[in-house]
Amino acid sequence: MPSSVTAPEGQLSRRDKFRAYMQAFNPTASARNVIEAGLVFDDLHQSLYRNLASRADLEPGCQQLLVGGVGSGKTTELILAERWLRDHGHVLPLYIDTSAETDLSSLNPGALLASLGLHSGEQLSASFSVGDSTEEVKEKAKQAYNIIKQYAYGKKEFVQSGDSTRIAEAYAELLAKRGIVRETPGKLKPPLPVLNRDIREIRDPLEQLLNLLRGTCKDVVAIFDGLDRLLDPTKFWSVVHQDLRLLRELKVSVMATAPLSVLFGAGVGQSISDHFDRVHHLTVIASEPANTSLWSVLEKRSATNLLNPEIAGSVCNYSGGVLRDLISLARDGAEEAYVSDRDYISVGDIEKVAQQLGNGYLRGLGPEAIKTLLQLYRSGSFDINQPANVELLLTRRVLEYSSIDFRVHPALFSVMP
Amino acid sequence: MTLERARKLAEALDSRTDRELTEARLDPPHKVLSQIRAYLLRRSEEMKTRNNLIQLLRFHPAGEFAQIDLGPSIDKGATPQHFHSDSGARLSFGLTLREVERGSQVVAYRYQFVFPDGQSPQYLRFDLNEAPHADPLAEPRCHLHPGIDEVRIPFSVHNPIEILDRIFFVLEKAT
Amino acid sequence: MPEFSTEPFFDIARRLDIRGETAWLAVLSPAADSTAALDQLQTELQSILQRPSRVIQLEHSTFEELREALHQPDDDAVILSSGTGLKQEKWRSLDIMRSALERKGPVILWLSPGDVANLTGYAPNIRSFIGASIFLAGPDSGIMTDAERQERLNELSQHFGFTGDEAVRRAEARELPHEPEFVEWLVLLGRGDLL
């Protein structure tokens with residue numbers, strides 16, 4: 001193309017046009033910001049968030065699990081549920097992103113309770129500033145909160161010791177006090193190291209805070225996001241088992257995310273329904289011609305500013321129905337057009353970014369995995385009890401459209417040998 | 001006021017120019033290229049006229065020297081290699097740098113801004129010569145051609161980006 | 001095995017610029033001269049994004065260190081370098097803490113080519129953020145080709161009416177004018193020593 005071309009007068013600057021599109025199609029934007037910007041097609045999963053929220057509203061103490069693969073839209077559904085509860089419900093939703101608050105790789109039983117306790121305390125403090133609670137109530141809340149804070153972050157306390165005869169002169173003052181400083185680590189990391197604690201000791205202060213909240217506001221619904229990052233299900237269960245059991249006793253409704261590995265793989269099944277009243281599986285959305293959901297997602301973000309419907313179809317197909325991949329491909333296609341000096345996304349732009357996406361999925365796959373994927377493509381057979389196959393699912397090389405419908409990610413398939 | 005005195009003042013001006021150039025430091029040549037490219041990218045995006053910066057801006061490293069060019073070395077009329085603005089004006093330039101410790105020094109430059117047809121003067125060219133001329137009154141080391149090749153008006157030494165500021169925010173606005 | 005797209009650092013910076021906030025992408029470092037390449041990437045990021053950039057080595061950073069480093073400040077351009085490659089456990093723990101890594105400014109993963117497999121295999125949440133934005137570090141496409149250089153030399157010869165050899169002879173005899181066109185001529189001939 002020539003080095004200099006003059007564009008027609010009166011058009012929005014090219015950069016502004018692409019910038020606006022990029023903002024609408026940002027796959028790494030926070031779900032909360034995207035919802036507030038009005039870019040979410042909230043009927044995508046048949047208003048799942050309303051089901052989650054209304055059950056939490058009507059059944060105190062119920063526990064619901066939201067399971068889905070990476071980029072399936074779990075956080076969006078939870079935040080939509082939170083908003084619904086704030087606007088329509090009779091409960092107080094507390095959204096907690098556990099993966100942002102603590103190092104999940106060292107997650108301990110009691111950590112979820114500690115997080116909930118801290119959030120409850122902060123909420124109560126906010127309600128005190130606008131309400132007319134007595135000083136006695138405020139003092140009770142403060143004491144309970146402090147206990148929870150110590151439980152969460154640990155404490156340093158001075159403890160009397162016994163024999164002081166061997167302490168040197170340099171420590172004469174300490175000798176006079178006859179003691180040492182003992183440090184007790186907390187539940188939340190950071191900043192303190194891991195130590196197992198009896199989870200029961202947090203029950204009373206937490207219950208106190210929750211009761212005070214019920215008195216001043218409403219029943220609490222705890223929304224725990226981020227637990228799906230624990231791809232290894234044993235870690236997930238080690239925390240959930242104790243914490244959520246106590247919350248059930250305290251009649252706190254819970255919504256929590258979980259990794260796909262709790263649904264699939266060997267030894268799975270009964271244990272989930274034993275612990276949760278409802279398990280919602282956020283499946284991948286099929287991009288068959290009759291299903292216009294994916295197109296609706298694009299349309300809600302004004303994709304037609306740069307993307308024509310025919311090419312949008314290609315974006316939907318290559319995404320495989322993984323929401324984040326859908327948004328990414330739409331964004332990356334625009335980026336290709338931008339750096340190549342085009343004003344609209346072309347077929348070639350989408351082909352290029354789909355290939356890039358597929359290459360990423362292809363890396364690290366050995367001959368056995370390729371063979372499994374080809375077999376899945378040809379015959380539809382996929383043994384989900386094999387650990388290697390669960391890995392393919394967790395890493396999104398294989399997509400689950402239902403508990404029995406598995407398919408190779410289309411972008412990956414397009415580059416497979 | 002004599003011709004001799006005028007020449008002495010011109011020589012003194014050239015000496016000051018030389019000192020300024022010796023003391024001034026720019027970033028290393030590849031960073032200066034990056035800065036100029038980013039600058040022109042922004043200006044290009046503010047215009048409706050499309051200029052493909054990747055194709056237009058050329059860099060030639062040669063030992064301790066580096067040459068940064070945009071457009072032809074000699075302007076003989078509009079070409080696709082020029083930077084074109086919405087007004088119909090065009091820009092070409094050449095910048096020679098010498099890499100030294102802590103960065104680079106400017107050796108020479110030429111920036112030619114040609115106004116749209118029918119405007120007077122027809123062009124302005126900012127030149128920095130590599131060394132003083134024997135007659136610094138007629139040809140100061142750093143000078144401006146006001147649309148006439150034979151006339152050279154003394155001009156202060158500018159940072160390569162600052163000259164572009166004058167071109168885009170002053171000359172282009174005057175078209 | 002199909003390759004990722006090769007992009008000069010200028011275009012990588014442009015991509016981050018047009019995306020705006022919270023942009024993530026991965027660049028595969030060249031086999032040779034990775035340090036110089038990293039420096040060039042930083043140069044382009046600083047020029048195009050008009051904000052500072054810094055490099056953080058992932059291998060020895062703890063969760064706390066990384067979280068703090070990424071948020072103080074949180075709006076510059078950060079290059080997270082995996083060095084020669086990270087172990088599986090390190091990728092897994094980075095993946096688990098993805099939320100803590102999220103920030104306003106752009107995040108660029110600087111990976112050895114072999115580490116892409118580890119990214120996809122052990123850090124699917126981070127890989128999901130990267131999407132299709134994995135690029136091979138490419139050469140700067142602004143470098144003058146030999147044909148372009150020759151074209152300029154021909155242009156100068158034709159305009160001034162003598163050859164490059166004659167220009168060199170005059171420069172050696174201190175007879176070549178000091179104007180910028182002649183300076184350019186000598187540099188393009190590789191005779192900057194005569195300046």
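Predicted model: local features only at pLDDT ≥ 70, side-chain atom pairs only at ≥ 80, totals over all residues.

Visitor: Why is A:Ala53 called buried?

Guide: A residue counts as buried if 20 or more other C-beta atoms lie within 10 Å of its own. A:Ala53 has 30 other C-beta atoms within 10 Å, and therefore it is called buried. This residue belongs to helix α3 (residues 48-58) of chain A.

Visitor: Which residues does A:Ala53 touch, not counting residues up to four places away in sequence?

Guide: With those sequence neighbours left out, A:Ala53 touches A:Ala81, A:Trp84, A:Leu85 and A:Gly89. As for A:Pro93, it is 40 residues from A:Ala53 in sequence, while the C-alpha to C-alpha distance between A:Ala53 and A:Pro93 is 9.3 Å.

Visitor: Why is A:Lys251 called partly exposed?

Guide: The class lies between the two limits, since a residue is buried at 20 or more other C-beta atoms within 10 Å and exposed at 12 or fewer. A:Lys251 has 15 other C-beta atoms within 10 Å, so it is partly exposed. C:Thr22 is partly exposed as well, because it has 18 other C-beta atoms within 10 Å.

Visitor: What makes the phi of A:Lys251 worth a remark?

Guide: Most residues other than glycine have a negative phi. The phi of A:Lys251, which is not a glycine, is positive and near 60 degrees, and this lysine is placed in the loop between α10 (233-249) and β7 (253-258) of chain A. C:Thr22, again not a glycine, has a positive phi of about 50 degrees, and C:Thr22 sits in the loop between α1 and β2 (24-28) of chain C.

Visitor: How do you know that the peptide bond between B:Ser120 and B:Pro121 is cis?

Guide: Omega for the bond that joins B:Ser120 and B:Pro121 is about 0 degrees, and the bond is cis. B:Pro121 is found in the loop between β6 (103-114) and β7 (123-128) of chain B. Most peptide bonds are trans.

Visitor: Why is chain B said to be as compact as a globular protein of its length?

Guide: The radius of gyration of chain B is 17 Å, which is close to the 16 Å that the globule rule gives for 175 residues, so chain B is as compact as a globular protein of that length. The chain contains four helices and nine strands, and its C-alpha atoms fill a box of roughly 50 × 45 × 25 Å along the principal axes. Of its 175 residues, 41% count as buried.

Visitor: What makes chain C more spread out than a compact globule?

Guide: For 195 residues the globule rule gives 16 Å, whereas the radius of gyration of chain C is 23 Å, well over that value, so chain C is called more spread out than a compact globule. Its C-alpha atoms fill a box of roughly 70 × 40 × 30 Å, taken along the principal axes. The domain assignment gives domain 1 (5-138) and domain 2 (146-189) of chain C, and the centres of these two domains, taken over C-alpha atoms, are separated by 45 Å. Of the 195 residues of chain C, 46% count as buried.

Visitor: How do you know that chain C touches chain A?

Guide: Two residues are in contact if their C-beta atoms lie within 7 Å, and 35 residues of chain C are in contact with 43 residues of chain A. On the side of chain C that touches chain A, several helices each supply at least two residues, including α1 (9-19), α3 (63-70) and α4 (88-96). By class, that side of chain C has 15 nonpolar, twelve polar and eight charged residues.

Visitor: How is chain A divided into domains?

Guide: Chain A is divided into domain 1 (14-30 + 35-41 + 285-362), domain 2 (48-282) and domain 3 (367-413). The contact between domain 1 and domain 2 of chain A takes six residues from each of them. Helix α14 (residues 323-339) gives the most to the domain 1 side of this contact, with three residues, and that side has four nonpolar, no polar and two charged residues.

Notes. Residues numbered from 1 in each chain as written. Chains lettered and ligands numbered in written order. Domains from an automatic or database assignment. Nonpolar A, V, L, I, M, F, W, Y, C, P; charged D, E, K, R; others polar. Rg over C-alpha atoms; globule rule 2.2 N^0.38 Å.
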